[in-house]
Amino acid sequence: HPIGYVRGGGEGSGSLEILEPFRPALKQLDQFSHVIVVWWADRNDTPEARSLLQCNPPYAEDKCTGVFACRAEYRPNPVALTVCQILSVDEATGRVELPYIDADDGTPIVDLKAYFPICDRVRDAHIPEWLSGWPKCVEDGYKLEF
């Protein structure tokens, strides 16, 4: 059950439109710098896309990976997430402004979670060698072209 929808987006600036019954849940979100947006990759919610268990990601087309080892939008359950900086929150209208989100306009939002460094950041994370050219943080990487 969506709590709202992405407006704009598509690897660019956008906003979240939170539906009226869920707007009280925005209280104090404006006190955080970032939010984790959990969204449903509805454009890939087909039996065929749900059955894909391996792929060649667009950012590493020469590598075959399992969908659990990549951020592909096609997966058994097309749940996706994006960590976004919060520019502003308007509780009355349910609008959360963002500088970027990699979900398309109209994408259903499943949940929002405030970003807590103690829970959401790890000290010694690593990625495979074939991704070593990637930026170290989301702010440096959201404008990447694949």
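Let's start with Ala-60, which sits in the loop that runs between β4 (54-55) and β5 (65-66). Keep in mind as we go that this is a predicted model. Is Ala-60 buried or exposed? Its relative accessibility is 4%, and the cut-off for buried is under 20%, so Ala-60 counts as buried.

As a bit of background, nonpolar side chains in soluble globular proteins tend to be buried together. Here the largest nonpolar core has 21 residues, and the ones with the most contacts inside it are Leu-16, Val-35, Val-37, Ile-101, Ile-109 and Leu-112. Which elements give two or more residues to this core? They are β2 (12-18), β3 (34-40), β6 (79-85), β8 (95-101) and β9 (108-114). The top contributor is β8, with 4 residues.

Let's zoom in on Val-37. Setting aside neighbours within four places in sequence, Val-37 is in contact with Leu-16, Ile-101, Ile-109 and Leu-112, and also with Ala-80, Leu-81, Thr-82, Cys-84 and Asp-111. Apart from this core lies another one, of 6 residues, including Ala-49, Cys-55, Val-67 and Cys-70.

Last stop, friends: the second largest pocket, which holds about 170 Å³ of space. What classes of residue make up its lining? There are 9 nonpolar and 2 charged residues, with no polar ones. Among the lining residues are Ile-3, Ile-18, Phe-22, Phe-32, Asp-111 and Lys-113. The largest share of that lining, 4 residues, comes from β9.

Key: Residues are numbered from 1 along each chain as its sequence is written. This is a predicted model: local features need pLDDT of at least 70, side-chain atom pairs count only at pLDDT 80 or more; totals for chains, interfaces and linings use all residues. Side-chain values use heavy atoms; hydrogens and water are left out. Buried means under 20% relative accessible area, exposed over 50%, partly exposed in between (1.4 Å probe, protein chains only). A nonpolar core is a set of buried Ala, Val, Leu, Ile, Met, Phe, Trp, Tyr and Cys residues joined through side-chain atoms within 4.5 Å. Contact means heavy atoms within 4.5 Å. On a 1 Å grid over the protein atoms alone, a cavity is a set of points where a 1.4 Å probe fits but cannot get out, and a pocket is an open set with protein on both sides within 12 Å along at least five of seven lines; lining residues have an atom within 4 Å of a point. Grid points are joined across faces, edges and corners, and a volume is the space filled by probe spheres set on the points. Ala, Val, Leu, Ile, Met, Phe, Trp, Tyr, Cys and Pro count as nonpolar, Asp, Glu, Lys and Arg as charged, and the others, Gly among them, as polar.
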